[in-house]
Amino acid sequence: MPASLLGDDDWLAPGFEVVLTEIFSRFDADGDGSLSVPELQAFVRACNGGEEMDEDELSQLSAFHVDAKGQMTRRGFFEMMHLQTMARPEDSWADLKALGYKGLTQMSGRPGGSTSSGEAGTPHDVQFNLDERLAMCLQHAEDAKLAEELAAELALEDERAGSAVAARVAAASGKGKQKNGKKKGAGTASISPLPRASSTGNVREERLAAAAHKMVEHLGKSTAKLMASTFKTDGSLGALLQLMEQTATRVAVLELVDAGQRDRVDAECTALAIDLLPRPRME
């Protein structure tokens with residue numbers, strides 16, 4: 001995992017965010033602050049030698065943050081590039097090279113110039129140049145203001161997502177407190193629904209074999225489908241819990257979940273794993 005593109009917290013390095021902001025603005029042809037399908041396809045063609053995304057790949061983009069029109073926001077673009085960099089860092093290097101970020105001169109200035117040596121820069125060169133580009137941005141009031149506005153926009157989007165989740169949880173909780181005209185006593189909601197009847201007599205195995213999004217309350221169907229496609233699993237709860245048990249894949253799995261739901265999905269999977277996955281016996 002190239003340290004130059006990801007920071008110590010495994011999120012995008014500050015310099016990489018600056019470059020991605022430039023790339024996003026370059027392909028936001030109408031300047032509306034989001035990428036439509038044609039604009040996304042233009043980005044993909046530029047990175048992949050003219051090839052576009054197919055219908056299946058386009059459908060998977062719904063897992064990333066979109067605006068009210070269903071178009072990818074800058075936050076969603078960051079999430080997409082972060083996931084790619086976590087899983088296949090070499091693809092992110094290739095995209096940067098294809099878009100004109102090849103060495104010291106280009107990374108410290110604007111895409112399209114020539115490098116001092118005429119050769120593409122190494123990851124070490126790009127790390128140095130990303131940091132230099134960030135420093136240059138901070139020296140210019142206009143770029144500093146852009147970075148400040150970006151941070152405020154991302155914080156506002158996170159706040160709105162959290163408020164929407166809280167409202168849905170509160171509404172669901174309010175419905176659960178009323179039954180037959182009587183209030184239920186205070187208590188905690190079950191993490192996932194139990195099957196009403198077991199056809200095999202083994203409820204535990206049936207829950208593990210069930211679709212993950214039906215067992216994990218805060219996991220959406222489209223996100224579960226993307227997980228299954230990304231990690232080549234059958235989309236069952238058992239397959240998801242096995243991925244979450246492995247340190248190497250846990251972070252990558254949670255990155256596919258909307259930021260406002262990650263903590264809830266993580267907690268639910270942990271509780272389900274304790275209940276359902278076999279544990280070594282103590283001698």
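# Chat notes on a predicted model

Me: What is the relative accessible area of Asp-10?
Reply: Asp-10 has a relative accessible area of 32%, so it is partly exposed. Buried means under 20% relative accessible area, exposed over 50%, and partly exposed in between, with a 1.4 Å probe and protein chains only. This is a predicted model, in which local features need pLDDT of at least 70 and side-chain atom pairs count only at pLDDT 80 or more, while totals for chains, interfaces and linings use all residues. Residues are numbered from 1 along each chain as its sequence is written, and side-chain values use heavy atoms, with hydrogens and water left out.

Me: Where does Asp-10 lie?
Reply: In the segment before helix H1 (14–27). Helices (H or I, at least four residues) and strands (E, at least two) are DSSP runs, numbered from the N terminus. Asp-10 also has a positive phi of about 70°, although it is not a glycine. Most residues other than glycine have a negative phi.

Me: Which residue just after H11 takes a positive phi?
Reply: Lys-232, with a phi of about 55°. Lys-232 sits in the loop between helix H11 (221–231) and helix H12 (237–245). Its relative accessibility is 72%, so Lys-232 counts as exposed.

Me: Which residues of H11 are buried?
Reply: Thr-223, Ala-224, Leu-226, Met-227 and Ala-228. They pack against helix H3 (55–60), helix H10 (212–215), H12 and helix H13 (247–255). Contact here means heavy atoms within 4.5 Å.

Me: At what angle do H12 and H14 pack?
Reply: About 105°, with the axes of H12 and helix H14 (residues 262–276) 10 Å apart. That makes H12 roughly perpendicular to H14. Axes are lines fitted to C-alpha atoms, for helices over the stretch in contact, and angles run from 0 to 180 degrees between N-to-C directions. Under 35 degrees counts as roughly parallel, over 145 as roughly antiparallel, 65 to 115 as roughly perpendicular and the rest as oblique.

Me: Which residues in H12 and H14 meet?
Reply: Leu-237, Leu-240, Leu-241, Met-244 and Glu-245 in H12 meet Asp-266, Cys-269, Leu-272, Ala-273 and Leu-276 in H14. By class, the contact has eight nonpolar, no polar and two charged residues. Nonpolar covers Ala, Val, Leu, Ile, Met, Phe, Trp, Tyr, Cys and Pro; charged covers Asp, Glu, Lys and Arg; the others, Gly among them, are polar.

Me: What does Leu-240 contact, leaving aside neighbours within four places in sequence?
Reply: Ala-212, Val-216, Leu-219, Met-227, Val-253 and Cys-269. In the largest nonpolar core, of 56 residues, Leu-240 is among those with the most contacts, along with Ile-23, Phe-43, Phe-77 and Leu-219. Such a core is a set of buried Ala, Val, Leu, Ile, Met, Phe, Trp, Tyr and Cys residues joined through side-chain atoms within 4.5 Å.

Me: Is Gln-84 buried or exposed?
Reply: Buried, with a relative accessible area of 16%. Gln-84 is in helix H4 (residues 74–87) and touches Pro-89, Asp-91, Ser-92 and Asp-95, not counting residues up to four places away in sequence.

Me: How many helices and strands in the protein?
Reply: 14 helices and four strands. Of the 283 residues, 40% are buried.
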